[in-house]
Amino acid sequence: IYDIDAGYARTNIWNVNCIIPPGYQVVETGNMKQEVKNSAGRFSSTYQIKGNVLTIQVIKQYYKGNLPVNLWEQMTSFLDAAYSFSISKIVMKKVK
């Protein structure tokens, strides 16, 4: 029996492309760039803007399905980063 049951080891990768409407520019990206990696798992988010396309890549990785309780703080550190990303905002402003 393990203290932390995360189900199973897994990696989830999301790639999101957002079209920046004509006449707008990205002025704020919040917490879009993050990297937390430790022995429990990893959370990473990056973005890039090419032309009028904002591309966001997110990776959430659980290294093992079962972990001992002494890794709880490491697990919560990458899960907290994922939550921080989930409430971040992208702000676009109309160019004059």
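**A sheet, a helix and the words used for them**

Guide: In this predicted model, four strands form an open sheet in the order β2-β6-β5-β4, with antiparallel pairing. The strands (E, at least two residues) and helices (H or I, at least four residues) are DSSP runs, numbered from the N terminus.

Visitor: Which strands stand at the edges?

Guide: β2 (10-19) and β4 do, each with a single partner strand, so one side of each is left without a neighbour in the sheet. Neighbouring strands of this sheet are turned against each other by 15 degrees on average, with direction ignored, where axes are lines fitted to C-alpha atoms, for helices over the stretch in contact, and angles run from 0 to 180 degrees between N-to-C directions.

Visitor: Before we go on, how are the residues numbered, and what are the limits on a predicted model?

Guide: Residues are numbered from 1 along each chain as its sequence is written, and side-chain values use heavy atoms, leaving out hydrogens and water. Since the model is predicted, local features need pLDDT of at least 70 and side-chain atom pairs count only at pLDDT 80 or more, while totals for chains, interfaces and linings use all residues.

Visitor: What makes β4 and β5 a pair?

Guide: Two strands pair if DSSP finds at least two bridges between them. β4 (residues 34-37) and β5 (residues 41-50) have 4 bridges in the antiparallel sense, and therefore they meet that definition. One of the bridged positions is Q34, whose partner in β5 is S45, and a hairpin of 3 residues joins β4 to β5.

Visitor: Which residues of α1 are buried, and what makes them line one face?

Guide: The buried residues of α1 are M75, F78, A81, A82 and F85. Down the axis of α1 they fall within an arc of 125 degrees, so they line one face of the helix; the arc is that of the directions from the helix axis to the C-beta atoms. The face turned away from this buried side carries the exposed residues E73, D80 and Y83.

Visitor: Why is A82 called buried?

Guide: Buried means under 20% relative accessible area, exposed means over 50%, and partly exposed lies in between (1.4 Å probe, protein chains only). A82 has 12% relative accessibility and therefore counts as buried. Leaving aside neighbours within four places in sequence, A82 is in contact (heavy atoms within 4.5 Å) with F43 and K60.

Visitor: What do the buried residues of α1 pack against?

Guide: They pack against β1 (4-5), β4, β5, β6 (53-62) and β7 (66-67).

Visitor: What makes a group of residues a nonpolar core, and which members touch the most others?

Guide: A nonpolar core is a set of buried Ala, Val, Leu, Ile, Met, Phe, Trp, Tyr and Cys residues joined through side-chain atoms within 4.5 Å. Of the 18 residues in the largest such core, F43, I56, L67, M75, F78 and F85 touch the most other members. The elements giving two or more residues to this core are β6 and α1, and α1 gives the most, with 5 residues.

Visitor: How do you know whether the loop residues A6 and T29 are buried or exposed?

Guide: A6, in the loop between β1 and β2, has a relative accessible area of 15% and is therefore buried. T29, in the loop between β3 (24-28) and β4, is likewise buried, with a relative accessible area of 15%.

Visitor: Which residues do these two touch, beyond four places in sequence?

Guide: A6 is in contact with Y62, K64, G65 and M75, and T29 touches Y47 and K89. The C-alpha atoms of A6 and N66 are separated by 5.9 Å, although the two residues are 60 apart along the chain. K64 lies in the loop between β6 and β7, and its contacts, counted in that way, are A6, Y8 and A9.
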